[in-house]
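Visitor: I would like to learn how to read a few backbone and packing features. Could we start with the backbone?

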Amino acid sequence: MCGIGGFYYKPSHTAMPDGAELLKEILAKQRHRGPDASAYWLNKTETVGLCHSRLAIIDLSPLGDQPMHSSCGKLTIVFNGEIYNYKELRIKYEALGYGFKTSSDTEVLLAAYQLKGKMFLEELRGMFSFALFDHQKNILICARDPIGKKPFIYAETDSGFYFSSEIPALGVFTDINRSIDHSALAAMLLHNLRHIPEPHTAFHGIKRLRPGHAMVVCEGKLEAMWRHWNPAPGMVRDAGELRDVIESAVAIRSQADVPVGALLSGGVDSSAIVALMKKHTNQTIRTYAFGAGPQDEDLCRARKVADLFGVSHKEFYFDANRQLQVFKTLLATWGEPIMLLPLIHTYEMSEAIHEDGIKVVMSGNGADELFFGYTGHFQTAKISRFLSGVALLLACARIAPDSWRRGPLKFLLERPGLRKAAYYKYKAAEQWPLIIPPDVARTMLNYVSEEMSYWGPLLPNKDFIDESNYLALLIENAHSITISSDLPAMMASVEFRAPFLDKEVIAAAMGIHFKDKVRKGGSGEGLKHILREAVRDLIPEEILYAPKRGFGMSIQEEDVLKGPWRQIGDRLFAEANDCDGLFDTKNLSNVWSRYLSGDGRVDTSTIARLFAIQLWRNHEIANF
């Protein structure tokens, strides 16, 4: 797990700055991602430069350091992530004649490209982002894992192509367009979004490589981009086969040359992971939990599970005053606004984990989206059953009820794959005018709807609940799934591994009908039904069927905003920044006042996101 960065200048760019100094600056800005080693490489003409900050987890020797060169000397790579099936691939490539000089998964990537070309991406099972320079073809190949667990940030300018793991690292390049993208910030305010959706960022000149995508850069120009991952259902037939897939995902993530710990919330997902980890190690597993205080229900559950499994367990508590400084640091590191209190909790826990001498922990991220674990899934399942029952009627919109064609449910009349995109168009029309001046709102693009229109039609499942959760996994809930697995952990030099986000587990989940995930009724027992069945023998019933509680659920946004963070909120909204004309600052101040007075038309979620934008804007002016 690491930080990567680099550049590829165009041949026409004559006034090249000192490449070595730029790479050193990138390394300094991303040192938290890899404090164990750092290095950079420049080609002979200094038009291509790559750098790498290393968090050593596999092959701890200097042979595993990067940038790494192939044994033939024709390839150079910087890689962030883990290839979990690297041992299997190594055996395969050795049989094909490749001679390895290290025991690292990084060299397996070099061998895979050398032997398979661009098709090698399909063989990888892991989380990754990397840039690989092919000296003979003079091309830079960049890629990102299917779900986007590892970030890849890039910029194209008249001078060339730049990339990094975090936005602030690109601040070393002075010719990037730093103007604020109004549509990007506005997208963050829509419905369930709490981050700026990829491939966009808060800045016009900076983009993110989409999950499951790759691209080729030649002579400083982006030449091609393609999707290397297609969502396809697996062939899991029952809970027993699902168990096998999940256990395999845990087993391969237990591989490391350092101890592997786990986050333990006391819920089904994390408890199952810890139980399965015990089957694949003889060492005492260290587990960690976070909550409001010793009596927090989450912590009480976690203690019970820890005692049951005989692990070494530690817990940490919320400190509202310290959290504000942590939040500022999170925003500065992320480089753009994001709002999710559990990110702060996760950083606090990650820092304590790092101090405890652990570099790698497993988490249950993604299970609720894949196996439908939220109470709202009961309602979404009802809608799906209804739609499948009247599919022929809805195919002909002219005979749908007038109230449907005119009201908020009209999005259900769209064809499968585009229904949620249509819903976000409706939400923009409803929400933006409350915060953004109408003349500004009319000029903006709906990035959320655009992305959902891109990904939605690719899903083979046609039931609405599958469409909704697949798009939540890739776009809507990225803040709590992939971003929360990388940003707060890497700030503390800790790697999170998420077995439920394994591509084989994702395929298995896509192949399971929603009726086997959500059973009729309103109790928590009906959620994640097949997952509970798959791990029933591992977890006591009091945990297996306990009511759903999200991470940090006992720490509510409203209590924080109206309590310890109120004074900073008063200052931020009294002196609100219009973000280059996106907002009416008087309106923002009025919205904050109405919220504090208890006006029910102003919801906490919207205020929280505006708070984050204002806090980021104040910090961003001085730091990027």
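Guide: This is a predicted model. Asn138 sits in the loop between strand E6 (126-134) and strand E7 (139-144).

Visitor: What is phi of Asn138 near?

Guide: The general idea is that most residues other than glycine have a negative phi. Here, phi of Asn138 is near 60 degrees, which is a positive value in a residue other than glycine.

Visitor: Is Cys579 buried or exposed?

Guide: Cys579 counts as buried because its relative accessibility is 0%. Its phi is also positive, near 50 degrees, and Cys579 is not a glycine. The residue lies in the loop between helix H24 (566-574) and helix H25 (585-596).

Visitor: How should I read the peptide bonds, and which residues does a cis bond join?

Guide: Most peptide bonds are trans. A cis bond joins Gln66 and Pro67, with omega about 0 degrees. Pro67 is placed in the loop between strand E3 (48-54) and strand E4 (68-69). The bond from Glu198 to Pro199 is cis as well, with omega near 10 degrees. Pro199 belongs to the loop between helix H4 (182-187) and strand E10 (207-208).

Visitor: Now helix packing. At roughly what angle do the axes of H11 and H17 cross?

Guide: Two packed helices are described by the angle between their axes and the distance between the axes. The axes of helix H11 (residues 376-389) and helix H17 (residues 464-476) cross at roughly 135 degrees and come within 7 Å. H11 and H17 are therefore oblique to each other, since roughly antiparallel would need an angle over 145 degrees.

Visitor: Which residues make the contact?

Guide: On the H11 side they are His377, Thr380, Ala381, Ile383, Ser384 and Leu387; on the H17 side, Phe464, Ile465, Ser468 and Asn469. The residues of this contact between H11 and H17 divide into 5 nonpolar, 5 polar and no charged.

Visitor: Last, the strands. In which sense do E14 and E15 pair, parallel or antiparallel?

Guide: Strand E14 (residues 286-291) pairs with strand E15 (residues 312-317) in the parallel sense, over 6 bridges. Arg286 stands opposite Ser312 in E15.

Visitor: Through which helix does the chain cross from E14 to E15?

Guide: The chain goes from E14 through helix H7 (residues 297-309) to E15, and this β-α-β crossover is right-handed.

Key:
Residues are numbered from 1 along each chain as its sequence is written. This is a predicted model: local features need pLDDT of at least 70, side-chain atom pairs count only at pLDDT 80 or more; totals for chains, interfaces and linings use all residues. Side-chain values use heavy atoms; hydrogens and water are left out. Axes are lines fitted to C-alpha atoms, for helices over the stretch in contact, and angles run from 0 to 180 degrees between N-to-C directions. Helices (H or I, at least four residues) and strands (E, at least two) are DSSP runs, numbered from the N terminus. Angles under 35 degrees count as roughly parallel, over 145 as roughly antiparallel, 65 to 115 as roughly perpendicular and the rest as oblique. Contact means heavy atoms within 4.5 Å. Ala, Val, Leu, Ile, Met, Phe, Trp, Tyr, Cys and Pro count as nonpolar, Asp, Glu, Lys and Arg as charged, and the others, Gly among them, as polar. Two strands pair if DSSP finds at least two bridges between them. A crossover is right-handed if, with the strands pointing away from the viewer, the path from the first strand over the helix to the second runs clockwise. Buried means under 20% relative accessible area, exposed over 50%, partly exposed in between (1.4 Å probe, protein chains only).
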